[in-house]
Amino acid sequence: VSLRKQEIADRLNAWIIFNEKNKELCEWLTQMENKVAHTSDLNIEEMVEKLKKDCMEEINLFSENKTHLKQLGEQLIKASNKTKETEINDKLKDVNDRWQHLFDHIEARVRKLKETLVTVQQLDKNMSNLRTWLSCIEAELARPVVYSMCHNKEIHKKLAEQQVGKG
């Protein structure tokens, strides 16, 4: 009887530990999803680096917790009835799905940030080209128009030159 009491107590403790570990891992997953989604106080390069470095380090640390939870769940499945087995499998599946979602979310965020960075760099290049063009046009417009003779043919010629210069 004493041995049976101890076995029951151990199984109850395993359930408590499993539920606590599951809750802890789910809370961490929610926190990580929020961290990935809200890193806008940094510039783009820093955000990409933070996602790649800091988040992945934290994920690697928590992967041990996930593995432990899975092992504990598998032990409980062996010692449980069908209802509890389904409950455990559902919790483990939920953790696996959320874990994969976190990786997908990080990958999508990094890809989006890199695309944004390329767009910003292209915009900077285009703005630089536009400033150069504008500077040339301003310099050209700053020069006075000089006519050797002031008649209609020469005015049209100067206008044509101006139109070619703009094109």
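Within helix α3 lie both E107 and R111, 4 residues apart, which is about one turn of the helix. The side chains of E107 and R111 meet in a salt bridge, with a distance of 3.7 Å from N to O. R111 has a relative accessible area of 45%, so it counts as partly exposed. The model in which this pair is found is a predicted one.

A salt bridge joins D97 to K93, and here the closest N and O atoms are 2.8 Å apart. The relative accessible area of D97 is 41%; because this value falls between 20% and 50%, D97 is described as partly exposed.

K70 and E74 both belong to helix α2, where 4 residues, or about one turn of the helix, lie between their positions in the count. K70 forms a salt bridge with E74, and their closest N and O atoms are 3.7 Å apart. Are these two residues buried, partly exposed or exposed? K70 has a relative accessibility of 45% and therefore counts as partly exposed. E74, with a relative accessible area of 38%, is partly exposed as well.

Salt bridges can also be linked to one another. In this model, K84, E87 and K91 are linked in a network of salt bridges. The count of salt bridges comes to 6.

The next step is to consider how the two helices are placed. Two packed helices are described by the angle between their axes and the distance between the axes. Helix α2 covers residues 44–78, and helix α3 covers residues 82–142. They pack at an angle of about 170 degrees, and their axes are 11 Å apart. An angle over 145 degrees counts as roughly antiparallel, and α2 and α3 are therefore roughly antiparallel to each other. Which kinds of residue make up the contact of α2 with α3? The residues of this contact divide into 22 nonpolar, 5 polar and 7 charged.

N96 is a residue of helix α3. Its relative accessibility is 36%, so N96 counts as partly exposed. Along the chain, N96 and K70 are 26 residues apart, and their C-alpha atoms are separated by 9.5 Å.

Another residue of helix α3 is V120. With a relative accessibility of 34%, V120 counts as partly exposed. V120 and R11 are 109 residues apart along the chain, and a distance of 57 Å separates their C-alpha atoms.

Finally, the surface itself deserves attention. Which residues form a nonpolar patch there? The patch consists of L123, M127, L130, W133 and L134, and together these residues have about 470 Å² of accessible area. One of them, M127, has its place in helix α3. Because its relative accessible area is 35%, M127 is partly exposed.

In summary, α2 and α3 are roughly antiparallel to each other, and their contact includes 22 nonpolar residues.

Methods: Residues are numbered from 1 along each chain as its sequence is written. This is a predicted model: local features need pLDDT of at least 70, side-chain atom pairs count only at pLDDT 80 or more; totals for chains, interfaces and linings use all residues. Side-chain values use heavy atoms; hydrogens and water are left out. Axes are lines fitted to C-alpha atoms, for helices over the stretch in contact, and angles run from 0 to 180 degrees between N-to-C directions. Helices (H or I, at least four residues) and strands (E, at least two) are DSSP runs, numbered from the N terminus. Angles under 35 degrees count as roughly parallel, over 145 as roughly antiparallel, 65 to 115 as roughly perpendicular and the rest as oblique. Ala, Val, Leu, Ile, Met, Phe, Trp, Tyr, Cys and Pro count as nonpolar, Asp, Glu, Lys and Arg as charged, and the others, Gly among them, as polar. Patches are made of residues with over 30% relative accessible area and no salt bridge: like charges are joined within 9 Å, nonpolar side chains (Val, Leu, Ile, Met, Phe, Trp, Tyr) within 5 Å. Accessible areas come from the Shrake-Rupley method with a 1.4 Å probe; for residues, only the protein chains shown count as cover. A salt bridge is a side-chain nitrogen of Lys or Arg within 4 Å of a carboxyl oxygen of Asp or Glu. Buried means under 20% relative accessible area, exposed over 50%, partly exposed in between (1.4 Å probe, protein chains only).
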